[in-house]
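Work through the exercises below with the sequence and the model at hand. Each solution goes step by step.

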Amino acid sequence: HAHEEQLKQVYERFEKLFTITPQRLRMITDRFVGVLEEGLQKDGQTVPMLPAYVFGWPSGDEVGSYIALDLGGTNLRVCHVVLKGAGKFEITQSKFRLTEEQKQTEGQELFDFCADCLATFIQDHFGDANGDVILEEELALGFTFSYPMEQDRIDHGKLVRWTKGFGNPNTEGRDCAAMFRASLEKFKLPIKMVSIINDTTGTLIASHYVNPQTRIACIFGTGCNAAYMEHIGDISKINHLGLPADEDMAINCEYGAFDSFKHEHMAEIRTKYDEHIDLHSNKPHEQSYEKMIAGLYLGELFRLCICDLIDEGVLFLGQNTYKLEKTNAFDTAFLSLIESDPTDELLTVTGLFTHFFGIDTTIEERQFFRKLAKLIGTRSARLSSCGIAALVTKMGYLDSGCGVGADGSLYSKYPGFADRLHQALEDIFGEKGRNIRTYQAEDGSGVGSAIIAAMTKARK
Ligand code: ADP
């Protein structure tokens, strides 16, 4: 009973740390709106609000055969997309898992690997028995490169900085479209890269292609980000380009960077665990909002809490905990498993701790872990709502309502994530919060990239 009481007290401590009140959500949202506005007015802001050079919504009638290449946080994906119009499409794809080493090698080598995987895919899908590639005409390729880029055209993208654990040298500040094109040339493929986009922009376009109510797209995966369609006249930092003010352009917010550097907006809710994750990441002080929300970090947050309790002598006395004490040993998918364990005894949790960490747990401990996972998962979902709420406020979508296409493993696989996010939107806006609907987005980096390639070809 003493242990149970101890765990109860510890839980209350974490509950205070990780609970975000409705009032706090509203405050963060207000500040977020201001930060989004600033990003549209001036270059080089923390939340950079990057113009994506995708002009307006797709008609839904885009057709044709396209290649999409997606360098995400975890995998490299190559797709062949056939757009059929009327919001319909077919897709075939291959995935190649990225190694930690590939995320840190020389930048050009990373793009060589991308081109190599593409060549394999093309050979497999369009090659004949002699190894020749059979294609009636050159295929247009849309490259999804989901890191903050500065663009002044759709086929050009200067990497602002690596995120999501990448650190390849000689890439930041360079045109990654040109780097990839150089790698592509080595393979002599009948393929032309026409567009380079962020997955969030692709998700926005793909979701609108199948559901025209879509106004915003969000990603909650390895990282966290959003894109939406802005009036060109309101992107004052590009006024000098003389683009038609009454047309629309997609903006890749890169709002995972919200609250970075000075922590002006969320200092009150940052915990020592958030601080630890930030300082031990390969990019300290950057992507602060993302580090409190995204898949790359939630498991680690949980692990750090547990490690604190091991140090305090609350957990696992007399057991060897070295496996659990390794940085990033606890995947965010484990939190999903813990929260969704269907058994009274929490047998999934038992198995998880014995199998991966060689640790025995009591039922009280497992119940505590489940509640702790819920605190961390709920905080993530609630903070996620602030960025959406800020965009909705800024664009005046609250009364009319709007659709938000959302993607990423957190959104699609974490139990209760969407419900918690919706609850937070109601906490922010009251009943009107229900006018904002989120739903599983369409595949942005495959289908979205293909649609954008089609839109780009049509514009030329
Ligand atoms: P990406 O963002 O790289 O395109 P995902 O959307 O799949 O890819 O996100 C990957 C992240 O999601 C990883 O950080 C991983 O830990 C986390 N993740 C994977 N599976 C789950 C799950 N079932 N529940 C919660 N998080 C998960």
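Two residues are in contact if their C-beta atoms, placed from the backbone, lie within 7 Å. This is a predicted model: local features need pLDDT of at least 70, side-chain atom pairs count only at pLDDT 80 or more, and totals for chains, interfaces and linings use all residues. Residues are numbered from 1 along each chain as its sequence is written.

**Exercise 1.** Describe the contacts and dimensions of the chain.

Solution. Take contacts between residues at least 6 apart in sequence: 73% of them join residues at least 24 apart. Next, the C-alpha trace spans about 75 × 55 × 40 Å along its principal axes. Finally, the radius of gyration, taken over C-alpha atoms, is compared with the globule rule, 2.2 Å times the number of residues to the power 0.38. For 460 residues a compact globule would have a value near 23 Å, and the chain agrees because its value is 23 Å.

**Exercise 2.** In what order do the 5 strands of the open sheet lie?

Solution. Strands (E, at least two residues) and helices (H or I, at least four) are DSSP runs, numbered from the N terminus; two strands pair if DSSP finds at least two bridges between them. The order is β4-β3-β2-β5-β8, with mixed pairing. β4 (88-97) and β8 (191-197) are the edge strands, each pairing on one side only. Within the sheet, β2 (residues 63-71) and β3 (residues 75-85) pair in the antiparallel sense over 9 bridges. In this pairing, A68 stands opposite C79 in β3.
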